[in-house]
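Work through the following exercises with the sequence and the model at hand, and compare each step with the solution given below the task.

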Amino acid sequence: MARMRESDSATAEPQSLSSSVAKADALDAAGDHRAAVDQLAIGARSQDVEALTRLGKRLLAGDRAPALPAQGAGLLEEALQLGGAEAAAVLAVVYAVGASRRHGPSAALDTLSLAAERGWAPARQQLRVLAAAGRGDAETSGSDWRGLRA
């Protein structure tokens with residue numbers, strides 16, 4: 001069974017980190033980034049959503065890891081399928097800039113909306129800003145972003 005950690009709280013932040021993610025954090029703090037990536041890979045193999053998301057982001061950007069954007073996006077897509085809210089938000093950007101086979105404004109908006117529905121607070125805020133800009137308002141509340149498609 002997949003361990004879903006991202007959507008356990010209102011802000012979709014992990015409640016408690018898996019062993020692999022906690023070890024990766026400690027290794028990063030010690031400057032051993034290669035070993036941290038290895039620990040995230042261990043978590044990713046066991047379908048840990050947080051490990052998949054963190055490793056996917058690192059590979060996508062080459063952050064303390066090799067720059068392997070296709071593999072990073074693949075890990076993020078796997079995390080998305082397992083319920084990852086943050087993974088959905090990151091993929092929305094990838095889709096928006098056309099850096100994937102599934103790309104364009106529609107796919108980006110759908111995926112960002114999914115991240116918001118799963119509780120990722122930054123996605124909710126981004127959609128509020130988009131909804132307000134679309135209406136010329138300074139601010140919007142709730143889930144008004146659903147009107148962006150109309």
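**Exercise 1.** Determine what share of the contacts in the chain with a separation of 6 or more comes from residues 24 or more positions apart.

Solution. A contact is taken as heavy atoms within 4.5 Å. Among the contacts with a separation of 6 or more, 42% join residues 24 or more positions apart.

The model is predicted, so local features require a pLDDT of at least 70 and side-chain atom pairs a pLDDT of 80 or more, whereas totals for chains, interfaces and linings use all residues. Residues are numbered from 1 along each chain as its sequence is written, and side-chain values use heavy atoms, with hydrogens and water left out.

**Exercise 2.** Describe the secondary structure and the burial of the chain.

Solution. Of the 150 residues, 43% are buried, where buried means under 20% relative accessible area, exposed over 50%, and partly exposed in between (1.4 Å probe, protein chains only).

**Exercise 3.** Locate Gln 47 and Arg 64, and state the phi value and the exposure of each.

Solution. Gln 47 lies in the loop between helix 2 (33-45) and helix 3 (49-61), has a positive phi near 60°, and is partly exposed at a relative accessible area of 33%. Arg 64 belongs to the loop between helix 3 and helix 4 (69-81); its phi is also positive, near 55°, and Arg 64 is partly exposed at 40% relative accessibility. Most residues other than glycine have a negative phi.

Key:
Helix = DSSP H or I, 4+ residues; strand = E, 2+ residues; numbered from the N terminus.
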